[in-house]
Amino acid sequence: MSTAVVSIPSPGHYYPGHPEDPARFSDLVNWDLKPYAHKLEWLTSTPADPARIATVHSHKMIAEVEKACLRAPAIIDYAPTYVTQSSARDAFNAAGGVLACTQAVLSGQDRNAFAMIRPPGHHAEPEAAMGFCIFNNVAIAARLALEQGLGQVMIVDFDAHHGNGTQATFWQEPRVAYFSTHQEGIYPGSGHMEEAPHARGRIVNLPLPAYSGDQTFSVLTQEVLFPLVEQRRPDMLLVSAGFDSHWQDPLTNLGLSTPGFYNLALCLVELAGTYCNGKIVFVLEGGYHPQKVASGVDACLRALTGEEPEEMSDPSPYPETDIRDRINHLQDWHGLK
Ligand SMILES: [Zn+2]
C-alpha cells in the first residue's frame, strides 16, 4: 500500500510581509526525484463540505470567515491572522485535502498519509479563527474518523506552538486524546502541564524550555509518548506536524534538527504499526523556514514510506536543558509510569 499525499499551497492566501505565506511551500518540489516517489499516491481532493467544517466550528464562525473575506484583505485577530478574498475557499480546500488523506487511510486505500496544506489549523477554535489558522484541519479529520466508527483517536502535535484550538475542540471528548509538545512562554500562552485536570492521561501538555531539541524529544518519546499510546490504544494517529520546532525557524526557539524530525516521525509510524494497524495521517501546521519545512516533510515521508533517512546533519548549536524533573512530574500527573 502507498502513502497518500496532497499538496495545497493556496497561493491566493497571501498578505505582504506575513510569515504564513505561500513561499513556505517553495521548496516542497521535485517529488519525482525522491527515492520514495513510487510509494506516493497523489490524491486529488475537493473542498470540504460545509457540514464537515461544522463538525468542529459553529455555523456562525464559518459565516464570519466568509464575511471577512468580502472585505479583504483584513486582519481578523491579533496574532495577526489575515484573510484575503480567496481565504475561505483556500481553507475549505485545505480541510478537503486533509479529509481526502484521512478517508484514504480509513478506507484502507492507502496505508498512511501526509497532507501538505495551508492555511494551517491547530490554533483555530470552534468559535474563532486565530493564530494564522482558519479551520482546524486536524480536528475536522478526527471527527471524520470517529464518525466512521473508530473508537479512539490520538492527535500528536509537535508544532512549536500549543494547539489551543485542537485542545478546545476535544476538551470534553473522551474518544480523542491530545498530546502536545511546545515551547513555553510563547503564543498562544496555553498548554500548561496541569491545564486539563479533568482529562488526565488524555489531554497531555508538555511545555518545553527554549532550545529543547533532538535529545529532549528522544527522551520524551520514550518516556511519555510510548506509555501514553500504550495506555490509550488509539485506533488512529493524527499528527499536527509543525516544522517551526526546527532550531532555524525564524519565529520560535525550539531545537529540533531534520534527523530529529525523522526519528520522531519513525517512532510515530512504528506506534501506529503496533496499535493502529498502521493508520497515521500527518497534517502540516506551522514552519516558517521554507528549506526546513521541506526537509522536515521529506524526513516524515521517509518514515512513512519506509525509506532510509537522508544523510543530512543540521544539528542545533544550542545546549539543551535537562527536563528530567518535568518529565517525572508529567508522568506522575498523568499516571504514565
Ligand atoms: Zn507553530
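**Stop 1: helix H8**

Helices (H or I, at least four residues) and strands (E, at least two) are DSSP runs, numbered from the N terminus. This is a predicted model: local features need pLDDT of at least 70, side-chain atom pairs count only at pLDDT 80 or more, and totals for chains, interfaces and linings use all residues. Residues are numbered from 1 along each chain as its sequence is written.

Now select residues 290-305, helix H8 itself: 14 of its 16 residues are buried, so the rest of the structure largely encloses H8. Buried means that 20 or more other C-beta atoms, placed from the backbone, lie within 10 Å of the residue's own.

**Stop 2: the sheet**

Next, show the eight strands of the open sheet, ordered S2-S1-S5-S10-S9-S6-S7-S8 with parallel pairing. S2 (40-42) and S8 (203-208) are at the edges with a single partner strand each, so one side of each has no neighbour in the sheet. Two strands pair if DSSP finds at least two bridges between them. For S9 (residues 236-241) and S10 (residues 280-284) there are five bridges; Val 239 has Phe 282 as its bridge partner in S10.

**Stop 3: Ala 115**

Select Ala 115 and its contacts (C-beta atoms, placed from the backbone, within 7 Å). Leaving out residues up to four places away in sequence, Ala 115 touches Val 6, Gly 97, Val 98, Cys 101, Val 281, Phe 282, Val 283 and Leu 284.

Definitions and conventions. Buried ≥ 20, exposed ≤ 12 C-beta atoms within 10 Å, placed from the backbone. Contact = placed C-beta atoms within 7 Å.
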